[in-house]
Amino acid sequence: MVTSDERKRERNMEKKNLDWANIGFGYVETDKRYVSNYKNGAWDDGALTEDSMITMSECAGVLQYAQTIFEGMKAYTTEDGRIVTFRPDLNGERMEDSARRLEMPVFPKERFVDAVIQTVAANKAYVPPFGSGATLYLRPYMFGISPVIGVKPADEYQFRVFATPVGPYFKGGVKPLTICVSDFDRAAPNGTGHIKAGLNYAMSLHPIVSAHKAGFDENMYLDAATKTKVEETGGANFLFITKDNKVVTPKSGSILPSITRRSLMHVAKEYLGLEVEEREVHIDELKEFAECGLCGTAAVISPVGKIVDHGKEIYLPSGMTDMGPVTKKLFDTLTGIQMGRIEAPEGWIVEVG
């Protein structure tokens, strides 16, 4: 029988000779990626390939009408040396929803999870060692590949998964962010804000570059209809902590349903015994909250120290130095589950053989 120490040594011996402690948050080409093609109304069997290049028509649907969707997730080395992924079934379900909204063929959730596991298994040498602070980032994505000149869905599609090792999102430690209330709209009512489509991120590029030029870390987008309710940032959901330690997250039909946020809300209630609430959050409430965080795959939770609303500065009582106490507990508990230090709810952790 293989012991946990033997398993840990085996994993470490397999690793690529990379400077794990100093990997940035960027793309590093790995050995294998998964590819499946949709043609004549059906997906093929799919397979791993060493070829990282994509060849397509100059008139491909993705190039002409942005018919593309994606997911973001990670694989980790746990404390006892296992390689795992975190709730991949929920990423698969969200991609199914995204595909339906953009009139793309659904790549079934079960096949999605299998493709992710195959990709991780084929790139085990790139899964960073436990304690390095780095992880293996996974990018499943799908796009229209056949020529489309009239405005309509493509006839053929490609689904792919690639993997790349990434360092900590915040190198040198997590510092509270300063964010600004944006005049731009992230998503329209009944639009595509609730799915993970590439077009949502394209429209956020100008606002985030503008925010950075003005000295802010991120944007806070409000609802497009009334400009009075908090929605999300360009790539993360909000979590707020009240002064009596209730965890509140904004509710809106145009917010992307973050898997990290859903997991943190469960952790808050079931592991930490906190009251949780999903509801509309009005901008005039911001000054009443004790803590604020941005949650997503990359950093889990990024604390917010200051919100600037058109020159009016709102300082969170948690301050500009460290994570607030409740945010820190949420972060430590969820990362503890992901890294195998804390027992996970059933089905949350999927081990890669």
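**Figure 1. Contacts around Phe-159 in the predicted model.** Setting aside neighbours within four places in sequence, Phe-159 is in contact with Tyr-34, Val-35, Ser-36, Trp-43, Met-95, Phe-107, Phe-112, Ala-115, Pro-140, Tyr-141 and Met-142. The model shown here is predicted.

**Figure 2. The largest nonpolar core.** This core has 31 residues. Seven of its residues touch the most other members: Ile-69, Phe-112, Val-120, Leu-136, Leu-138, Met-142 and Phe-159. Several elements each supply at least two residues of the core. The strands are strand 1 (33-39), strand 5 (73-77), strand 7 (135-144) and strand 8 (157-166). The helices are helix 3 (88-101) and helix 4 (109-122). Helix 4 gives the largest share, five residues. In soluble globular proteins, nonpolar side chains tend to be buried together.

**Figure 3. The whole protein.** Seven helices and 17 strands make up the count of elements in the protein. The C-alpha trace spans about 60 × 55 × 35 Å along its principal axes. The radius of gyration is 21 Å. That agrees with a compact globule, because one of 353 residues would have a value near 20 Å. Buried residues account for 51% of the 353 residues. Take the contacts between residues at least 6 apart in sequence: 71% of them join residues at least 24 apart.

**Figure 4. Surface and charges.** The protein has an accessible surface of about 16,100 Å². Carbon and sulfur atoms hold 50% of that surface. The protein carries 41 positive and 48 negative charges.

**Figure 5. Asn-245, a loop residue with positive phi.** Asn-245 sits in the loop that runs between strand 11 (237-241) and strand 12 (247-250). Its phi is near 70 degrees, a positive value in a residue other than glycine. Asn-245 counts as partly exposed because its relative accessibility is 36%.

**Figure 6. Val-300, a strand residue with positive phi.** Val-300 belongs to strand 15, which covers residues 300-309. Phi of Val-300 is near 70 degrees, again positive in a residue other than glycine. With a relative accessible area of 9%, Val-300 is buried.

**Figure 7. Thr-192 in its loop.** The loop between strand 9 (177-181) and helix 5 (198-213) holds Thr-192. Thr-192 counts as buried because its relative accessibility is 15%, and buried means under 20%. Leaving out residues up to four places away in sequence, Thr-192 touches Arg-101, Leu-199 and Asn-200.

**Figure 8. Gly-41, an exposed loop residue.** Gly-41 is placed in the loop between strand 1 and strand 2 (42-43). Its relative accessible area is 55%, so Gly-41 is exposed. Gly-41 and Thr-333 are 292 residues apart in sequence. In space they are 44 Å apart, C-alpha to C-alpha.

Terms used. Residues numbered from 1 in each chain as written. Predicted model: local features only at pLDDT ≥ 70, side-chain atom pairs only at ≥ 80, totals over all residues. Heavy atoms only, no water. Core = buried A, V, L, I, M, F, W, Y, C linked by side-chain atoms within 4.5 Å. Buried < 20%, exposed > 50% of the residue type's maximum accessible area, 1.4 Å probe, protein only. Helix = DSSP H or I, 4+ residues; strand = E, 2+ residues; numbered from the N terminus. Contact = heavy atoms within 4.5 Å. Rg over C-alpha atoms; globule rule 2.2 N^0.38 Å. Areas by Shrake-Rupley, 256 points an atom, 1.4 Å probe, with all protein chains shown as cover. Lys, Arg positive; Asp, Glu negative; His and termini not counted. Charge placed at Lys NZ, Arg CZ, Asp CG, Glu CD.
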